[in-house]
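Let's take a walk through this structure together, starting with charged side chains and ending with a sheet. Have the viewer ready and follow along.

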Amino acid sequence: AEKKGGCKGVPPKMFMTSVAKSAALLAGLMAATIEPASGFATAPAAMSGMGRASAFAGVSARPGGAQKGASLGLRMAGELSADPEKLGPFLESEKKLDHVFRNNKMWVVEQTRNDPEFFQRMASGQSPKFLWIGCSDARVPANEIVGCGPGELFVHRNIANLVVNNDNSIQSVFQFSIEYLQVEHIIVCGHYQCGGVIASMGNGDLASPLEEWVRNIRDVYRLHKKELDGITDVVTRQRRLVELNAQEQALNVYKTAVVQRRRVYTHLREGFATPMVHAIVFDIATGEINKLDWKSNEQMAKTAEKYDAVAQVASSTPEEKKALEESVSGESPRRSTSASSSTTLTKKMYNRLPAGLSLGNEAKGGKGWTDDE
């Protein structure tokens, strides 16, 4: 409610507390359900006695229900704010997970209403084209900020969107999303006002294990110290470190063995290498994302060249290509159990054997290696 003038049915000077907001939200949501309206208690006192679950089950999606529900919610909010004694049941309920289950029910209703086959389709499996590596910050929800629905992104989030080579969690995500889901793009998304990045710029001990985790960001600062130290404004320096961190993590993705293995496999079979690796940054203040060209950085580009297995294939000798072709079989990039010398050669080239490779594509005029990032 507004401080001045108020709204219909709401005291003019009422402040919309978090509890009152919950009451308004509850009434508005209840007005959109598909249950009969007979059980809905319009007064907060009556509602407090029946519990949220019962109250929730008693409202219908009748014509104009949402508007009426919102108006009712405002009246409830006004009464709850004006009479503290009525807040007790609400406050007690807020300590539980009632609102989580209530919101889930509303989500199910809404999804089913818009797409009756939605959950059947979700149950049939997933085939996302994107792997998203983002920050755990609650203000950066992956699907929402890029307008993707359930099933379109395979998501991994941690503090400051880090890609650490001894982190079994993210390495398992790489293996599953690349070898089994066969994603075509990997996106590393940093965001301005990142608490992890800001913390890394201080000298305080954050205590284990957070201290060890944030140290990875301090290594990014060390690699770009000259540039960052040249930025006098603290906020601007923080924003630049956010960008550099996202770019360095994208490079870490590119260096990963399972990524290179899949890129070689798709290059030889399809003529172009996937997954492609991207770095982007999200601006919380505007809601916009911007792409960061991590390969434009000379230092990062030189490092990427050392790990580019596709380039190694393109520059290998005919004898090496023949050995590679003879050493692999099958239709998916899995490790071979062969102990032949050619297998050893392939493992040396790619760190882990990409079985199923064939040079037939190139022999038939397939595309050679290009910078398809």
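A salt bridge here is a side-chain nitrogen of Lys or Arg within 4 Å of a carboxyl oxygen of Asp or Glu. The model is a predicted one, where local features need pLDDT of at least 70, side-chain atom pairs count only at pLDDT 80 or more, and totals for chains, interfaces and linings use all residues. Residues are numbered from 1 along each chain as its sequence is written, and side-chain values use heavy atoms, with hydrogens and water left out.

Side chains of opposite charge can pair when their charged atoms come close. By the rule above, the count comes to eleven salt bridges. One of them joins Glu 184 and Lys 129, at 3.8 Å from N to O. This pair links distant parts of the chain, 55 residues apart: Glu 184 sits in the loop between helix H8 (168-180) and strand S3 (185-191), while Lys 129 sits in the loop between helix H6 (118-123) and S1. Helices (H or I, at least four residues) and strands (E, at least two) are DSSP runs, numbered from the N terminus. Glu 184 has a relative accessible area of 33% and Lys 129 one of 43%. Both values count as partly exposed, because that class lies between buried (under 20% relative accessible area) and exposed (over 50%), with a 1.4 Å probe and protein chains only.

Now turn to Arg 240. Arg 240 belongs to helix H12 (residues 234-255) and Glu 227 to helix H11 (residues 225-229), 13 residues apart. Glu 243 meets Arg 240 at 3.0 Å, N to O. Because Glu 243 and Arg 240 are three residues apart in helix H12, about one helical turn separates them. Arg 240 is partly exposed at 21% relative accessibility, as is Glu 227 at 35%, whereas Glu 243 is buried at 17%.

Finally, look at the sheet. Five strands form an open sheet in the order S2-S1-S3-S4-S5, with mixed pairing. Its edge strands, S2 (153-158) and S5 (289-292), each pair on one side only; two strands pair if DSSP finds at least two bridges between them. Strand S1 (residues 130-135) runs parallel to S2, with six bridges between them. Among these contacts, Trp 132 has Val 155 in S2 as its bridge partner.
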